[in-house]
Amino acid sequence: MSVARSTTVEVRLPSRLGFEKVAMTTAASVAKLMGFREDRIDDLKTAVAEACINAIEHGNRLNERLSVGVVMSAGVDELEVKVIDDGKGMKQRPAAPDIDRKMHGEEDPRGMGMFLIQALVDEAEWVVGANGKSSYVRLVIRLDKDQ
Amino acid sequence: MQTDTKSRIEQIASPAGQAVTVLRFEGDISSASKEAVVGAYQGLSKEKVKTILLDFTKVDYINSSGIALVIQLLMEAANSGQKVGAFGLSAHFQKVFTMVGITKYAKLLPDQAAALAAL
């Protein structure tokens, strides 16, 4: 089965931890249909899961009346995933975790999600929504020419 | 909807006769796993347990909150002078653990036999 040009798949998640796995498995299914290698699909799964966790925890602050939108757009040679929440968005760029500082209690052991997202996909962009709402993170992974 | 994390503690010996405590995890490792990861570790005797292996063979999903719990475990073990290794991670999570720097504090080995041989 092949994916037609600009096919879009949308998922709407409740703001409850654990539901990021629904978006993660859906994105993996779309990537598999597009012909991505298993290791790239694993990268995408982690990036999408982390983006959804950020949206649930920080964007929507675990408010179950709000939902997280996940829009997957499959192009000819790339897959774009937008994870949209009702938060004010991320203004700071992710810093690489400092394991020594974490091990010495000088840095929160958490806070690695944005770093992982940026490290695992080909493109990652955090966009602040107009009027302080509908902010999103946009992820892109591209098919290698040898795939 | 988060899947429960199960953890089981097993005492084994390395080929050289060294006592090793294995924490075997099963399920997802996420923010909901604190008791299964850190709690299970904190139940071990700091005086008697000197070498610990973390078994991720039956873990399919680890997120950054779960990795933070592993870092907390490693931090407490380092403060207690305990040596920690890990095995059974998929190639992807070996890569992720390496990216965040965990390999500086815990060796990652493919399976239990390799982990015991590396002690």
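A:Glu10 sits in strand E1 of chain A, which covers residues 7–14. (Helices, H or I with at least four residues, and strands, E with at least two, are DSSP runs numbered from the N terminus.) With a relative accessibility of 59%, A:Glu10 counts as exposed; buried means under 20% relative accessible area, exposed over 50%, and partly exposed in between, using a 1.4 Å probe and protein chains only. Setting aside its neighbours within four places in sequence, A:Glu10 is in contact with A:Val70 and A:Val71, where contact means heavy atoms within 4.5 Å. Its C-alpha atom is 17 Å from that of A:Ile141, a residue 131 places away along the chain.

A quick word on ground rules. This is a predicted model, in which local features need pLDDT of at least 70, side-chain atom pairs count only at pLDDT 80 or more, and totals for chains, interfaces and linings use all residues. Residues are numbered from 1 along each chain as its sequence is written, chains are lettered from A and ligands numbered from 1 in the order in which they are written, and side-chain values use heavy atoms, with hydrogens and water left out.

Now step back and take in chain A. Its secondary structure comes to four helices and five strands, and reading along the sequence gives the pattern β-α-α-β-β-α-α-β-β. The C-alpha trace spans about 50 × 35 × 25 Å along its principal axes. How does the radius of gyration of chain A fit a compact globule? A compact globule with 147 residues would come out near 15 Å, and chain A has 15 Å, so the two agree. (That radius is taken over C-alpha atoms, and the globule rule is 2.2 Å times the number of residues to the power 0.38.) Of the 147 residues in chain A, 46% are buried. Among the contacts in chain A with a separation of 6 or more, 66% are between residues 24 or more positions apart. The accessible surface of chain A is about 7,500 Å², with 47% of that belonging to carbon and sulfur atoms; accessible areas come from the Shrake-Rupley method with a 1.4 Å probe, and for residues only the protein chains shown count as cover.

Next, follow chain A to the loop between helix H2 (38–59) and strand E2 (67–74), where you'll find A:Leu66. At 26% relative accessibility, A:Leu66 is partly exposed. Leaving out neighbours within four places in sequence, A:Leu66 touches A:Leu13, A:Pro14, A:Ser15, A:Asn60 and A:Asp86 by the contact rule.

Most residues other than glycine have a negative phi. A:Arg61, though, has a positive phi near 50 degrees, and A:Leu62 has a positive one of about 60 degrees. A:Arg61 is exposed at 68% relative accessible area, while A:Leu62 is partly exposed at 45%.

Over to chain B and its aromatic rings. Rings of Phe, Tyr and Trp (its six-membered ring) pair if their centres lie within 6.5 Å; planes under 30 degrees apart count as stacked, over 60 as edge-to-face and the rest as tilted. By this rule there are two aromatic pairs over all chains. B:Phe25 and B:Phe56 make a tilted pair, 5.5 Å centre to centre with 40 degrees between the planes. B:Phe25 lies in strand E2 (residues 19–29) of chain B and B:Phe56 in strand E3 (residues 51–62), so the pair ties together parts that are 31 residues apart in sequence. B:Phe56 also pairs edge-to-face with B:Phe97, at 5.8 Å centre to centre and 80 degrees between the planes. Here B:Phe56 in strand E3 meets B:Phe97 in helix H3 (residues 91–100) of chain B, so this pair ties together parts that are 41 residues apart in sequence. B:Phe25 is buried at 3% relative accessibility, B:Phe56 at 1% and B:Phe97 at 1%. Together, B:Phe25, B:Phe56 and B:Phe97 form one aromatic cluster.

Last stop: B:Asn63, in the loop between E3 and helix H2 (64–79) of chain B. B:Asn63 is buried, at 2% relative accessibility. Beyond neighbours within four places in sequence, B:Asn63 is in contact with A:Glu20, A:Glu50, A:Ile53, B:Ile29, B:Ser30 and B:Ser31.
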